[in-house]
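Please examine the sequence and the structure shown below. The report that follows describes selected features of this protein in turn.

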Amino acid sequence: DILAPGSSILSAGGKPATVGECDPVTYPKPGKADEGVVSKEGTSMAAPVVSGTAALIRQYFVDGFYPTGKKNASNSFDPSGMLVKAVILNGGQYMRGVDNGNGRVLPVSPYDNNQNFGRISLIDSLYLYGKSNVQTRVFDRETIAQKGKKTMSFTVDKSNGCDASELTATLTWFDQAGFPGCQKCLIDDLDLYITKGNTTYYPNGLNKRDTLHSTERVRISSSDGETVSVTVEATNIVVWTRQYALVVSGCFGGVANELDTSKNTFLNDDSYNDSTSKKLAWTIAGVVGALAVAIISFFAKQYW
């Protein structure tokens, strides 16, 4: 569902027989260890990033940071697992390529098997005053009945400095267990869509409702002053009602992000374009080389 950094991640390097380990002056290179830290890669490093992010999201709500972006104990509440999941997936950012370590960066698409909802990003998930890109509206443990429909309107407001160019809505629910060996395993089917003007936007990169997944996300471009409608609909529910969580993010009157993101690797890494340029250069060189061989062969037959 989600990606997290899993390469060249520093972690504690346990040395049971050594006492007094500390951080080294210079950090170890990928795959190496020094003093009390080790640098590794893989899902064993990425999974704790997601787990830690989930813990921070829960703490955000428990400490009362929602909805103002500032700590206020009177706003505290205990979020459901559905809401934590929705927040994580709602803020996922599109990745432009996948690097399998062979020097080539291959292109990917949103919701494909390489990235699905994208790279985890807290500054695109929850509102911290002056330290995030979006404001968020959350609806937790909402209940909907069979064939029910709930629609809410949201107006984009950039008057206080928020400059996010997109509005995103994510719906999650905990479905019942499917039957062993099932091909289409969804039991309770809820649907999410956004309406802007006369256009309806469907989730997960589709042009119709999603009948397979219990997590749905719609992301659209947004402009200041626009009003959109976000709808949750219970298409088919086996039990009487179903609980769900909904997260909507965008510009809703908050301030701009004041953090310096100029050194953010994910925003400034141009390796995909570099890889594409190299592949294009090698392709051109190959074509030119083939033409040169053909021309030489032609003249060789004519004059030799």
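Of the 304 residues in the protein, 35% are buried, where buried means under 20% relative accessible area, exposed means over 50%, and partly exposed lies in between, with a 1.4 Å probe and protein chains only. The structure is a predicted model, in which local features need pLDDT of at least 70 and side-chain atom pairs count only at pLDDT 80 or more, while totals for chains, interfaces and linings use all residues. Residues are numbered from 1 along each chain as its sequence is written, and side-chain values use heavy atoms, with hydrogens and water left out.

The protein has four helices and 13 strands; these are DSSP runs numbered from the N terminus, with helices (H or I) of at least four residues and strands (E) of at least two. A contact means heavy atoms within 4.5 Å. Among contacts between residues at least 6 apart in sequence, 73% join residues at least 24 apart.

**An open sheet**

Four strands, in the order S7-S12-S9-S10, form an open sheet with antiparallel pairing; two strands pair if DSSP finds at least two bridges between them. Strand S7 (149-155) and strand S10 (199-201) are the edge strands, each pairing on one side only. Strand S12 (residues 227-236) runs antiparallel to S7, and seven bridges join the two. Within this pairing, Phe154 stands opposite Val228 in S12.

**Aromatic pairs**

Rings of Phe, Tyr and Trp (its six-membered ring) pair if their centres lie within 6.5 Å; planes under 30 degrees apart count as stacked, over 60 as edge-to-face and the rest as tilted. By this rule there are ten aromatic pairs. Two of them are set out here.

| Pair | Centre to centre | Angle between planes | Type |
|---|---|---|---|
| Tyr66 and Phe77 | 6.4 Å | 80 degrees | edge-to-face |
| Phe154 and Phe252 | 5.9 Å | 40 degrees | tilted |

Tyr66 and Phe77 both lie in the loop between helix H1 (43-62) and helix H2 (81-90), so their pair ties together parts that are eleven residues apart in sequence. Tyr66 is buried, at 14% relative accessible area, whereas Phe77 is partly exposed, at 25%. Tyr66 and Phe77 also belong to one aromatic cluster with Tyr60, Phe61 and Phe65.

Phe154 lies in strand S7 and Phe252 in the loop between strand S13 (241-250) and helix H3 (265-268), so this pair ties together parts that are 98 residues apart in sequence. Both Phe154 and Phe252 are buried.

**Two threonines**

Which strand holds Thr172? Thr172 lies in strand S8 (residues 166-172). With a relative accessibility of 1%, Thr172 counts as buried. Leaving aside residues up to four places away in sequence, Thr172 touches Met82, Lys85, Ala86, Ser214, Thr215, Tyr244 and Ala245. A polar atom of the Thr172 side chain lies 2.8 Å from the backbone oxygen of Met82.

Thr68, by contrast, is found in the loop between H1 and H2 and is partly exposed, with a relative accessible area of 39%. Beyond residues up to four places away in sequence, Thr68 touches Asn75, Tyr127 and Tyr129. Thr68 and Leu128 are 60 residues apart in sequence, and their C-alpha atoms are 7.7 Å apart in space. A polar atom of the Thr68 side chain lies 3.1 Å from the backbone oxygen of Lys70.

Lys70 in turn lies over the face of Tyr129, at 4.3 Å from the ring centre; a charge sits over a ring if NZ of Lys or CZ of Arg is within 6 Å of the ring centre and within 35 degrees of the ring normal.

Notes: A polar contact is a pair of N or O atoms within 3.5 Å; within protein, one must be able to donate a hydrogen and the other to accept it, and residues adjacent in sequence count only if both atoms are side-chain atoms.
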